[in-house]
Amino acid sequence: MNRQQAQEILLLYRPGIADAQDPDFADALALAEKDADLRRWLHDQSLVQNALREKFRKIPIPEGLKEQILSERKAHTSLPLKRKLVLSAVCGVCVLLLVAAILPRLRSHEDKSFANFHNRMVRTVAREGLYPRMELETNDLAQIRQYLAQHQGHGDYVLPVALQKATSTGCATLEWQGKRVSMVCFNSGKNPAPNQSDLFLFIINRADLPKAPPPGALSFAQANRLATASWTYGDKTYVLAGDEASLRKFF
Amino acid sequence: MSHTEESAKRPDFESLVEQYYRPLYQFAFSLTQSESDACDLTQQTFYIWATKGHQLRDVSKVKSWLFTTLHREFLESRRRQKRFPHYELSQVDDELPAISPARVSQLDSAQLLVALGQIDAVYHAPVALFYLEDYAYKEIAEILSIPMGTVKSRISRGIAQLQQAIAGSPPAAQPKKESHE
């Protein structure tokens, strides 16, 4: 290795960095130890390199760059979030539109007939074994009216004269195809226990029952070992369910 | 290493920016010689980290990853502008000018920028990494995706051109002494 070759190699030499371990530099450094001119050149060159290194490392940083990077990050990360929100909103609107389009069709297929209402109410009594759950238990009809009125029920129902003599036992409110139904329970007198219910009157707005019995008509039916009497009076339709003997007692 | 352990050691974005935005900007500035382009490159690098950094398994290589990414982005931006020739030089064939450390110390940033602008573009990145970071040549080679021998030859050539540019540039204006006549 001659001096020029050593200079070419040592041009890349950085004192204090792991370069000294690099075998490429070892021979050149060894030569510099023996060659005074080369050693001097290396010393001067190292000073120049260090000065240049310092200059590079002092390249001024624009003010606010860090803040700009961080704010860019927020903008970029929030963009997908915004997109997600927009997508979610669009999906939500689509679902709502779909539901809005389908629901009327589904509802149009719901059986809103009086027969359906009648059967459903009878099943309610039959399923509960003649003891449907009551929300209010009382023998006081005034309290029953008040309770129903306060719970979106039918507090202004009108009872047939004969039924007015029956002992009320309580009431509850139900839903049928999204419509409110009131249930008023009575003891027909057949059962000696005064709070034992055996007659159940279901009340629904006539407007909620397109094919309700016409006003003035009283119809009897038998279903699930229960007898029913149905009629329409004013703006309401009524179904009274119980055993046939008790029912006959009031009509 | 479990995912939890790995993510526990993964630096959060803000501390990563705090730690590396200065050297990355300086590297970008050395490549572009333009403050706005360097800012863009630095920002783009951190943006790429934010979106793809999770793919880096070995978090100890974050710094190299950032420099590599910045350099790739720089090359990509240049590629979009124009193709610049890549050529290899096996040895330094320019004579090193005699410049003193004092002459270098007199340089201001603008003069360093002018000098950098005078060296061939292909040498910018290796020379900048040579001066800015204490990377081993092997690491510089990995960052620039070129063989180590090429790294060394480019640095040699770049240093020679840089020193020639500095030697040929006028010294920075010295502050005039006030006359009290």
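Predicted model: local features only at pLDDT ≥ 70, side-chain atom pairs only at ≥ 80, totals over all residues.
**Entry 1: Phe27(B).** I set aside its neighbours within four places in sequence. That left Phe67(B), Leu70(B), Ala128(B), Leu129(B) and Leu132(B) in contact with Phe27(B).

**Entry 2: the cores.** Next I checked the largest nonpolar core, which has 58 residues. Which members touch the most other members? I found Leu24(B), Phe27(B), Ala28(B) and Ala128(B). Helix 2 of chain B, residues 13–32, supplies the largest share of this core, with nine residues. I also noted a second, separate core of 29 residues. Met121(A), Val181(A), Phe186(A) and Leu201(A) are among its members.

**Entry 3: helices 7 and 8 of chain B.** I turned to helix 7 (residues 121–132) and helix 8 (residues 137–144) of chain B. They pack at an angle of about 140°, and their axes are 11 Å apart. Roughly antiparallel needs an angle over 145 degrees. The two helices are therefore oblique to each other. Their crossing is right-handed. Which residues meet here? From helix 7 of chain B I listed Ala125(B), Pro126(B) and Leu129(B). They meet Ile140(B), Ile143(B) and Leu144(B) of helix 8 of chain B. I sorted this contact by class: six nonpolar residues, no polar and no charged ones.

**Entry 4: chain B against chain A.** How many residues of chain B are in contact with chain A? I got 35, and they touch 26 residues of chain A. Several helices of chain B give two or more residues to this side, including helix 3 (35–52) and helix 9 (148–168). Helix 2 of chain B gives the most, with 10 residues. By class, I noted 21 nonpolar, eight polar and six charged residues on the side of chain B that touches chain A.

Definitions and conventions. Residues numbered from 1 in each chain as written. Chains lettered and ligands numbered in written order. Core = buried A, V, L, I, M, F, W, Y, C linked by C-beta atoms within 7 Å. Buried ≥ 20, exposed ≤ 12 C-beta atoms within 10 Å, placed from the backbone. Helix = DSSP H or I, 4+ residues; strand = E, 2+ residues; numbered from the N terminus. Contact = placed C-beta atoms within 7 Å. Axes fitted to C-alpha atoms, helices over the stretch in contact; angles between N-to-C directions. Parallel < 35°, antiparallel > 145°, perpendicular 65-115°, else oblique. Left-handed = near helix turned anticlockwise from the far one by under 90°. Nonpolar A, V, L, I, M, F, W, Y, C, P; charged D, E, K, R; others polar.
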